[in-house]
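Welcome! Here is a short briefing for anyone meeting this structure for the first time. Take a look at the sequence and the model, then read on.

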Amino acid sequence: AGTPFVGCCCFIRRVSNCESVVRGRVRVGAAEADLDDEAHASRSRAASLYSICGLLLFYQTALEKTALKLTRGNGNEGSEYQREQAQRNSQIALVEIIQDCQKDTCIAYATCVRVYGATLESMAAQGGLMGDDNETSIAASLVVRISEERAASPGYADHPSDISPQLSLAYLCDTIFQPAMEYITTLDDVALLKNALGHCQKTGMESTVDKKWSQIFNERESKMINDLIESETARTLHQCGLGHIYESVLQVENLLTENLPLSAQPGLSQNEIDNAMKVFYASLFNPPLPHFDTIKDADLKVQSRKRTAKNVAEVYERIYDAVMNDKSGYDNLKLGHTPEQVRTLLSL
C-alpha cells in the first residue's frame, strides 16, 4: 500500500479532483476582469492567476520526483514491463491534467496583463487604490507585485527558463512598460519604472530584456535631465543678467558686417552690456543655480548643478569673446572678470 506506484495513483486522483477547482477559479478571475476596473483588484487578480501557474509548475516538479521513485520500485508492482507501463501512463495522465490547467490559467493571466496595460489611463482617471495616482505608478505596481509572486513561488524557482513565454518576466515587462512609456512626464515616473525593473532583475529577468528596458529608461531619463538642465540654464541666465544679452548675441552673431558692429545691434549697446555685467558679477557671490529638487538621486543632482554652472560659464565666455573682439565697436569697454575667473567663482 505504501509503494511509489500506489502513491502516484493517489496523486493523480487528487490532482484530477483539483482540476475542476482550478478551472473554476480561472473562469471566475477572467470574468471578474471584465467587471472590476479598479487598479488594486486587477493587480490582485493577475497575481492570483500567476500564483496558480506557479502551483501547477510545482505539481510538475512533484510528478518528476514521483516518476523517479517509480523507477526504483521494489518489485511488488508486477513485472518490469508492467511497472514501466504504469509509470508511462501515470506520467501521461498527470502531464495532461497539468498542461490543461496551465494552458487555461496562462490564457487568463495573459489576458489580465494585457487588459491592465491597455487601461492604465482609465484606472488613473479613477484615482486607483493603494496610493496609485498616475499611469506609471499603476504600471510599476503590477510589475512589482508579479515579481514578488514569482520570488515566493517554488514552482518558478524549479523552472526558471522552460516555462510558457506568457509567464516570463519578458512578457510582463513588454506588455506593461510599453504603454506606460507614453505617460512618463517626470523623473519620478522614470524612477518608478526603473525600480519595478529592479525587482524583476532579482527574480530571473532575462538578460536581454533587462538590458533592453534599462537602456530605454536610461535614455528617457537622460533626455529629461538634459531638457531640465537646458531650461534651468535659461532661467539662471535671466536671473543673473546674461539672458537678454546672450539671446541678442545669438540672433546677430552670424549677420555681422564691417558696417554693422556688435555695439550697433539691438539689445547690445555698451550701456546694456555694462548693466548686464554688473548684475552678473554681483550674482557670482551667491550664484542663483537651481537645486533640482525634482531629481531624487543626490549624485545626479550635484552633476546637474555643475552642468548648469558650466553652461553659464560657457555663455559668459561666448559673450566675452564677442564683446572684446576688436571689431565689436565698443569704446573702451572693460569686463570685470575673464572667463577663467568666472569658472573659478562658479567652483568649476
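Which residues does L237 touch, not counting residues up to four places away in sequence? L237 touches L242, G243, Y246, V312 and V315. Please keep in mind that this is a predicted model.

- You can find L237 in helix α9, which covers residues 207-239.
- L237 has a relative accessibility of 5%, and buried means under 20%, so L237 counts as buried.
- F280 lies 43 residues from L237 along the chain, and the C-alpha atoms of these two residues are separated by 8.7 Å.

- Helix α10 spans residues 243-252, and its buried residues are G243, I245, Y246, S248, V249 and V252.
- Two of these buried residues, G243 and Y246, are also among the residues that L237 touches.
- The buried residues of α10 pack against α9, α11 (270-283) and α12 (298-323).

**Helices α5 and α7**
- Two packed helices are described by the angle between their axes and the distance between the axes.
- For helix α5 (residues 135-152) and helix α7 (residues 169-180), the axes come within 9 Å and cross at roughly 170 degrees.
- Angles over 145 degrees count as roughly antiparallel, and α5 and α7 are therefore roughly antiparallel to each other.
- On the α5 side, T136, A139, L142, V143, I146 and R150 meet L169, L172, I176, F177 and A180 of α7.
- Sorted by class, this contact of α5 with α7 has nine nonpolar residues, one polar residue and one charged residue.

Technical notes
Residues numbered from 1 in each chain as written. Predicted model: local features only at pLDDT ≥ 70, side-chain atom pairs only at ≥ 80, totals over all residues. Heavy atoms only, no water. Axes fitted to C-alpha atoms, helices over the stretch in contact; angles between N-to-C directions. Helix = DSSP H or I, 4+ residues; strand = E, 2+ residues; numbered from the N terminus. Parallel < 35°, antiparallel > 145°, perpendicular 65-115°, else oblique. Contact = heavy atoms within 4.5 Å. Nonpolar A, V, L, I, M, F, W, Y, C, P; charged D, E, K, R; others polar. Buried < 20%, exposed > 50% of the residue type's maximum accessible area, 1.4 Å probe, protein only.
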